[in-house]
Amino acid sequence: MKSIKISIPSLMDNIKIIESFIDNAKEKYTINEDIYGNIMISVTECVTNAIIHGNNMDSKKQVELELALGENDIKFTITDQGKGFDYENLNDPTSPENLEKPGGRGIYIIKHLTDEVKFEDEGRKTILTFYM
């Protein structure tokens, strides 16, 4: 299994680095166009969540991103240094009381664009799996 890791300080400007990382991986590993968009949206959303909600935009805290390429899948592991979160009891963004709220859709979107989502370490680590 091939693996690449990067670590970024928790600054929103660093999302550009994540986008470049994904673009470079697309070229290096010939990631199919069909899943490229889903990967870009899901991984950048997950890293954004790690920066904002996990590390509270504390630039001293890092967000780590690891890409692991298997024979039939590609996994992205995003890890922050925050307190974690209760990923089993999230509000449903499609319920009427939440439709007008400006946030709360990130994980919902991620779950719909990935083939598998797994949370570990009390929510500090998220593993996104895409089948090739």
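**Entry 1**

I began at Glu-120, which stands opposite Lys-125 in E5. I was working in a predicted model, where local features need pLDDT of at least 70, side-chain atom pairs count only at pLDDT 80 or more, and totals for chains, interfaces and linings use all residues. Residues are numbered from 1 along each chain as its sequence is written, and side-chain values use heavy atoms, with hydrogens and water left out.

Helices (H or I, at least four residues) and strands (E, at least two) are DSSP runs, numbered from the N terminus. Two strands pair if DSSP finds at least two bridges between them. I found five bridges between E4 and E5, in the antiparallel sense. The two strands form a hairpin with four residues between them. In that turn I noted Asp-121, with a positive phi of about 50 degrees.

**Entry 1: Arg-124**

I looked next at Arg-124, in the loop between strand E4 (116-120) and strand E5 (125-131). Is Arg-124 buried or exposed? I read a relative accessible area of 17% for Arg-124, so it is buried. The scale is: buried under 20% relative accessible area, exposed over 50%, partly exposed in between (1.4 Å probe, protein chains only).

Then I checked what the side chain of Arg-124 reaches. I found the backbone oxygen of Lys-83 at 3.0 Å. The side chains of Arg-124 and Glu-122 are joined by a polar contact of 3.2 Å. A polar contact is a pair of N or O atoms within 3.5 Å; within protein, one must be able to donate a hydrogen and the other to accept it, and residues adjacent in sequence count only if both atoms are side-chain atoms.

I also listed contacts (heavy atoms within 4.5 Å). Leaving out residues up to four places away in sequence, Arg-124 touches Ile-78, Thr-79, Asp-80, Gly-82, Lys-83 and Gly-84.

**Entry 2: the sheet**

I traced the strand order as E1-E2-E3-E5-E4, an open sheet of five strands with antiparallel pairing. Strand E1 (2-9) and E4 stand at the edges with a single partner strand each, so one side of each has no neighbour in the sheet. From one strand to the next, the twist averages 15 degrees.

I then took the pairs in turn. E1 and E2 run antiparallel and are joined by eight bridges. Ile-6 has Leu-65 in E2 as its bridge partner. Leu-65 also stands opposite Ile-78 in E3.

Strand E2 (residues 62-69) pairs with E3 over six bridges, in the antiparallel sense. A hairpin of three residues joins E2 to E3. I found Leu-69 bridged to Ile-74 in E3.

Strand E3 (residues 73-79) and E5 run antiparallel, with seven bridges between them. There, Lys-75 stands opposite Thr-129 in E5.

**Entry 3: helices**

Helix H1 (residues 15-29) lies across E1, E2 and E3, at about 165 degrees to E1. Helix H3 (residues 106-113) lies across E4 and E5, at about 130 degrees to E4. For these angles, axes are lines fitted to C-alpha atoms, for helices over the stretch in contact, and angles run from 0 to 180 degrees between N-to-C directions.

I checked the length of helix H2 (residues 33-54). At 1.5 Å a residue, its 22 residues should span 32 Å, and its end C-alpha atoms are 30 Å apart, which agrees. The expected span is 1.5 Å times one less than the number of residues. Asn-32 caps the N-terminal end of H2, with a side-chain oxygen 2.7 Å from the backbone nitrogen of Asp-34. After H2 comes Asn-56, whose phi is positive, near 50 degrees.

**Entry 4: Tyr-29**

I found Tyr-29 in helix H1. Its relative accessibility is 12%, so Tyr-29 counts as buried. Beyond residues up to four places away in sequence, Tyr-29 touches Lys-2, Ile-4, Leu-67 and Leu-69. I also took the C-alpha separation of Tyr-29 and Ser-95, which is 39 Å for 66 residues along the chain.

**Entry 5: the record**

I looked up UniProt, where an unreviewed entry lists residues 9-129 as "domain: Histidine kinase/HSP90-like ATPase". Over residues 9-129 I read 37% helix and 21% strand, with the end C-alpha atoms 24 Å apart.

Key:
UniProt positions are given in the numbering used here, feature names are shortened, and annotations may be inferred rather than shown by experiment.
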